[in-house]
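Student: I have a model open and would like to go through it with you. Could we begin with the metals?

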Amino acid sequence: MPLEVVTIPCRSDNYAFLLHDSDSGNTVLIDAPEAGPILAELEARGWAISVLLITHHHDDHVEAVETFRARDNCIVIGAKADAHRLPPLDSAVEEGDTIDFSGHKIEVMDVSGHTVGHLAFYVPDAQAAFTADSLMACGCGRLFEGTAEMMWASLSKLAALPPETLICSGHEYTAANAKFAATIEPDNPALISRIGDIETARAAGTPTVPSTLQLELDTNPFLRARLPQVKTAIGMQEASDAAAFGEIRRRKDAF
Ligand code: ZN
Ligand code: FE
């Protein structure tokens, strides 16, 4: 297993991730919500950051960028579209770009919706996608800047990744997300079983992130907006996928 993913809880409910290549000894940090817990993990493992990937401009994802730039002189990479409101970038990227990390490909995806300019990073060799506040565990980010159509297009791109892909998302919101999901599909057996797993994990203080894309396809009401049974459940049999998604997002905002 040359590439290892490490999940680091930060702040009250954020996650940062390390992607470590044991052949080269190099490490990528995805988002920098808070310096302390990430520094502790790096020191415990004797690792330094080579590349810092930023998913989007919100404070709870970029607050500690300068700590790691100063500590490890890492290359900071973020969205070209957001260069004006991100910490200074060494490399500005967009949808379709590929970043080389020690011989491993990191594919840049535009997953706008929560913000316009939100990126996800897909790493085929790690079978992992870093999705932050786009696709989340049993949920998705709020539409602060983008439209329902935009977020639906973003979620659809992520949904097309291999089902075994690890979904490394930005927050521990899973229990509340699953509670909402049960209002849409109360009889979905995969969801019922996931709710039990979430309760067990949270009782043990264990993160529910990352999940897998297959689990999201089976239980996440936002990804499932295209399914006839979900459209029927919200009384929108004839609606477009994006419109059904938009209605589920509105219901979650009011939940
Ligand atoms: Zn955010
Ligand atoms: Fe966030």
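This is a predicted model: local features need pLDDT of at least 70, side-chain atom pairs count only at pLDDT 80 or more; totals for chains, interfaces and linings use all residues.

Tutor: In it, the zinc ion (ligand 1) and the iron ion (ligand 2) are 3.0 Å apart, with Asp133 coordinating both.

Student: Are His56 and His58 buried or exposed?

Tutor: His56 is buried, at a relative accessible area of 1%. His58 has 18% relative accessibility and also counts as buried, because the cut-off is under 20%.

Student: Now the other metal. What are the protein donors of the iron ion (ligand 2)?

Tutor: They are Asp60 (OD), His61 (NE2), Asp133 (OD) and His171 (NE2), which lie 2.1 to 2.4 Å from the iron ion (ligand 2). The sequence spacing of these donor residues is D-H-x71-D-x37-H.

Student: And what is the geometry there?

Tutor: The site of the iron ion (ligand 2) is irregular, with angles of 82 to 174 degrees among its 4 donor atoms.

Student: Where do His61 and Asp133 lie in the chain?

Tutor: His61 is in helix 2 (residues 59-62), whereas Asp133 is in the loop between strand 10 (128-132) and strand 11 (135-136). The pair therefore ties together parts that are 72 residues apart in sequence.

Student: Are those two buried or exposed?

Tutor: His61 is buried, with a relative accessible area of 0%. Asp133 is buried as well, with a relative accessible area of 3%.

Student: What does Thr115 touch?

Tutor: Setting aside neighbours within four places in sequence, Thr115 is in contact with His56, His57, His58, Arg85 and Glu145. Thr115 sits in the loop between strand 8 (104-110) and strand 9 (119-123), and Thr115 is buried, at a relative accessible area of 0%.

Student: Changing topic: at what angle do helix 1 and helix 3 pack?

Tutor: Helix 1 (residues 35-45) and helix 3 (residues 65-72) pack at about 30 degrees, and their axes are 10 Å apart. The two helices are therefore roughly parallel to each other, as angles under 35 degrees are classed that way. The crossing of helix 1 past helix 3 is right-handed.

Student: Which residues make the contact?

Tutor: Helix 1 contributes Ala35, Ile38, Leu39, Leu42 and Glu43, and helix 3 contributes Thr67, Phe68, Arg71 and Asp72.

Student: One last residue. Where is Glu216, and is Glu216 buried or exposed?

Tutor: Glu216 belongs to helix 7 (residues 213-219) and is buried, with a relative accessible area of 0%. Beyond residues up to four places away in sequence, Glu216 touches Met136, Ala137, Cys138, Gly139, Ile167, Arg194, Ser211, Leu223 and Arg224.

Student: What separates the C-alpha atoms of Glu216 and Glu41?

Tutor: These C-alpha atoms are separated by 28 Å, and the two residues are 175 residues apart along the chain.

Key. Residues are numbered from 1 along each chain as its sequence is written. Chains are lettered from A and ligands numbered from 1 in the order in which they are written. Side-chain values use heavy atoms; hydrogens and water are left out. Donors are N, O and S atoms within 2.8 Å of the metal (3.2 Å for Na, K and Ca); water is not among the atoms, so sites may look incomplete. Buried means under 20% relative accessible area, exposed over 50%, partly exposed in between (1.4 Å probe, protein chains only). Axes are lines fitted to C-alpha atoms, for helices over the stretch in contact, and angles run from 0 to 180 degrees between N-to-C directions. Helices (H or I, at least four residues) and strands (E, at least two) are DSSP runs, numbered from the N terminus. Angles under 35 degrees count as roughly parallel, over 145 as roughly antiparallel, 65 to 115 as roughly perpendicular and the rest as oblique. A crossing is left-handed if the near helix is turned anticlockwise from the far one by less than a right angle, and right-handed if clockwise. Contact means heavy atoms within 4.5 Å. Four donors count as tetrahedral if all angles lie between 85 and 135 degrees; four count as square planar and six as octahedral if opposite donors are over 155 degrees apart and all others between 65 and 115; anything else is irregular.
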